[in-house]
Structure formats: structure tokens, C-alpha cells
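Have the structure open as you read.

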Amino acid sequence: QEERKEQEKLRKSVDERRKETPAERERRISEWDRKQEHQRAPFQEIPDAFDLRLAAEETLDGRDVYVIAATPKPGYKPKLAAAAYFPKIKGKLWIDKQDNRWVKAEFESLDTISFGGILVRLARGSRATFEETRINDEVWLPKRVRVDASARVMLVAAARAQVDIAFSNYRKFQADSRLVPDQR
């Protein structure tokens with residue numbers, strides 16, 4: 001049932017894209033690129049925000065990795081609002097030596113972090129870990145997300161959460177396809 005639902009979404013998306021004009025296509029792609037750049041922008045501040053040092057070299061899930069320790073630089077002032085929490089966290093990054101990409105990241109809050117003003121306040125000492133794994137020696141996909149945090153919502157409700165989400169049973173997508181002549 002879930003597979004049928006996804007197939008229907010894919011069919012609708014393909015139909016919509018077949019009908020779009022070149023200008024609409026260019027606008028859609030431009031909007032996608034703009035969103036991607038907006039999401040990546042805060043990460044461009046990492047070298048200015050953190051002292052980064054090689055802490056170790058390890059093997060993680062059978063792959064050689066560098067372990068990079070990140071501590072906030074004193075006096076760093078974020079340029080973007082999305083990077084405002086950088087001075088309040090420390091972390092470690094595991095970088096795959098072969099693919100040169102992060103495969104694990106751990107963060108700990110050094111101070112209270114506010115989101116949306118007083119909407120949510122994440123307490124000092126809260127931790128989060130994100131892990132990825134290489135599937136079929138082709139692609140990196142999420143493996144686990146762990147969060148151990150205390151928070152206040154609207155300065156009233158206190159909450160303590162321990163969340164551990166594991167991702168598994170990845171399978172290669174199979175699709176039947178056929179070549180059709182260009183109908184222009």
C-alpha cells in the first residue's frame with residue numbers, strides 16, 4: 001500500500017514535469033538551487049566559528065575516518081541567524097578518509113540555546129548524535145539519530161527526551177523503464 005502511494009506520487013510528479021514549459025522548469029530548478037544554498041549557508045561559517053583539530057584516526061563501521069574536534073572560537077560573532085547557536089555548542093566530526101565526507105557527528109550544548117525566542121529553550125548539556133552508513137558501496141544514508149536533551153517550551157513546560165532512531169533495511173529501488181521516441 002505504501003509502495004503504491006509512492007508510485008502514485010512519482011507518477012504525478014512526472015506528469016507535472018512533462019507539462020512544464022522551459023521557463024517553468026528553469027524557475028523550479030532555480031528555486032531548488034536557492035533552497036539548497038540557503039540550507040548550506042550556515043555551514044560556511046564553521047571555519048570562522050570553531051577551532052578544528054585532528055583528535056584521532058579511527059575505524060568506524062570498517063572504514064578509516066579522521067576524528068575532528070570542534071570547539072567554539074572565543075569572540076566569534078555569527079553572520080547568519082541560522083548560525084547563532086554555533087558559539088553554544090562543541091562537537092566531534094568523523095570524516096571518511098576515502099569519500100571526504102562526514103559520517104558521524106556528535107554535538108553537546110555548552111549553554112542554553114533558544115529557538116524562536118522563548119518558544120523552545122534547549123538546556124545546557126543536551127546531546128545529539130547523527131550517523132550515516134554506506135549502502136551497497138554506492139550511497140551514504142542515515143543510520144542513527146540519538147538525542148538526549150532537556151528543554152523548556154514557552155518557559156513553562158519542561159521536557160526531558162531520550163530519542164534513538166535507527167534506520168535499516170535499505171533496499172535498492174527497482175523500476176521498469178522503456179525508451180520512447182521524443183514527441184516534440
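## Hairpins, cores and a pocket

S1 and S2 make a hairpin with two residues between them, and Asp 61 in the turn has a positive phi of about 55°. Before going further, a word on the ground rules: this is a predicted model, where local features need pLDDT of at least 70, side-chain atom pairs count only at pLDDT 80 or more, and totals for chains, interfaces and linings use all residues. Residues are numbered from 1 along each chain as its sequence is written, and side-chain values use heavy atoms, with hydrogens and water left out.

Helices (H or I, at least four residues) and strands (E, at least two) are DSSP runs numbered from the N terminus. Two strands pair if DSSP finds at least two bridges between them.

S1 and S2 run antiparallel, with 10 bridges between them. Phe 50 has Pro 72 of S2 opposite. Is Asp 61 buried, exposed or partly exposed? Its relative accessible area is 46%, so Asp 61 counts as partly exposed (buried means under 20%, exposed over 50%, partly exposed in between, with a 1.4 Å probe and protein chains only).

Ala 55 belongs to strand S1. With a relative accessible area of 38%, Ala 55 is partly exposed too. Ala 55 and Tyr 66 are 11 residues apart along the chain, and their C-alpha atoms are separated by 7.8 Å. Setting aside neighbours within four places in sequence, Ala 55 is in contact (heavy atoms within 4.5 Å) with Val 67 and Ala 69.

| Strand pair | Bridges | Bridge partners |
|---|---|---|
| S3 and S4 | seven | Ile 95 and Trp 102 |
| S4 and S7 | five | Glu 106 and Thr 129 |
| S6 and S8 | three | Arg 121 and Arg 152 |
| S7 and S8 | nine | Thr 129 and Arg 146 |
| S8 and S9 | 10 | Ala 149 and Ala 161 |

Thr 129 is worth a click: its bridge partner in S8 is Arg 146, while Thr 129 is itself the partner in S7 of Glu 106. S8 pairs with S6, with S7 and with S9.

S3 and S4 have five residues between them, with Asn 100 in the turn at a positive phi of about 50°. S7 and S8 have three residues between them, and there Asn 136 is the turn residue with a positive phi of about 50°. Asn 136 is not a glycine, despite that phi.

**What packs inside.** A nonpolar core is a set of buried Ala, Val, Leu, Ile, Met, Phe, Trp, Tyr and Cys residues joined through side-chain atoms within 4.5 Å. Which residues make up the largest one? There are eight: Ala 49, Phe 50, Ala 70, Tyr 76, Ala 83, Phe 86, Ile 89 and Ile 113. Apart from it lies another core of six residues, including Leu 60, Val 67, Val 103 and Trp 140. As for Phe 86, its contacts beyond four places in sequence are Pro 42, Glu 45, Ile 46, Ala 49, Phe 50, Pro 72 and Tyr 76.

**The largest pocket.** A pocket is an open set of points on a 1 Å grid over the protein atoms alone, where a 1.4 Å probe fits, with protein on both sides within 12 Å along at least five of seven lines; lining residues have an atom within 4 Å of a point. The largest pocket has a volume of about 750 Å³, a volume being the space filled by probe spheres set on the points, which are joined across faces, edges and corners.

How many residues line the largest pocket? The lining has 33, and Tyr 85, Ile 89, Ala 105, Phe 107 and Phe 130 lie nearest the centre. By type, the lining divides into 22 nonpolar, four polar and seven charged residues (Ala, Val, Leu, Ile, Met, Phe, Trp, Tyr, Cys and Pro count as nonpolar, Asp, Glu, Lys and Arg as charged, and the others, Gly among them, as polar). Strands S1, S3, S4, S5, S7 and S8 each supply at least two residues of the lining.

**A buried glutamate.** Glu 20 is in the loop between helix H1 (2-19) and helix H2 (22-40). Glu 20 counts as buried because its relative accessibility is 18%. Leaving aside neighbours within four places in sequence, Glu 20 is in contact with Arg 25 and Arg 28.
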